[in-house]
Amino acid sequence: MTCYDRRDLGLLLLRLGTGGVLAAHGAQKLFGWFGGHGIEGTGQFMESVGYAPGKASATAAGLAEAGGGVLLALGLATPAAGAAAAGAMAGASAVHMPNGFFAQEGGYEHAASLGLAAAGLAVTGPGRLSLDHALGHVLDRGWMVPAALGATAAATAVVVGARNRRVRRQQEGEQEVLFEE
């Protein structure tokens, strides 16, 4: 019988906590559970903060959060799960960035913390108390970490960049005329 060390227990606790919060957050978007607004309401919100089309953006964010969270909690496909969740949280951080860091002011503190924890788990792996370990790490190979994080970073940069351009154009259109001619 193999004895698990404290790192395995620590990774299990981190995976369960981070994955559980992400899964619940995604379920709010996808299903309207836990006081969420479901795809329709979340889609309208996404549209209002510059992510278009809103419904597709809500679906993608909800799947990345809920799916990534469940997979992280289980310790299954950990590189892809952590990368997907980190990408979704980078998108959320972009929305909250103008409000500063702290969550009490509407800042990006919470999203950044979840994203960093998810990315950290993608890099470190799930530990021995995981489905990845039980399955012989077939979905948790070393090469999968940079591939998953790289692909997610590229996709996130494109999506957040397009969102930021939309927001900037909207703000430029709403500016008052400074000088009358």
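Angles under 35 degrees count as roughly parallel, over 145 as roughly antiparallel, 65 to 115 as roughly perpendicular and the rest as oblique. This is a predicted model, in which local features need pLDDT of at least 70 and side-chain atom pairs count only at pLDDT 80 or more, while totals for chains, interfaces and linings use all residues. Residues are numbered from 1 along each chain as its sequence is written, and side-chain values use heavy atoms, without hydrogens and water.

Helices here are DSSP runs (H or I, at least four residues), numbered from the N terminus. The axes of H4 and helix H7 (residues 144–174) lie 9 Å apart at an angle of about 20°; axes are lines fitted to C-alpha atoms over the stretch in contact, and angles run from 0 to 180 degrees between N-to-C directions. H4 and H7 are therefore roughly parallel to each other.

Contact means heavy atoms within 4.5 Å. Among the residues of H4 that meet H7 are Pro79, Gly87 and Val95; the H7 side includes Met144, Thr152 and Arg163.

The largest nonpolar core has 13 residues, and Leu22, Leu72, Ala85, Met89 and Ala118 have the most contacts inside it. Such a core is a set of buried Ala, Val, Leu, Ile, Met, Phe, Trp, Tyr and Cys residues joined through side-chain atoms within 4.5 Å, where buried means under 20% relative accessible area (1.4 Å probe, protein chains only).

H4 supplies the largest share, five residues.

Terms used:
Buried means under 20% relative accessible area, exposed over 50%, partly exposed in between (1.4 Å probe, protein chains only). Helices (H or I, at least four residues) and strands (E, at least two) are DSSP runs, numbered from the N terminus.
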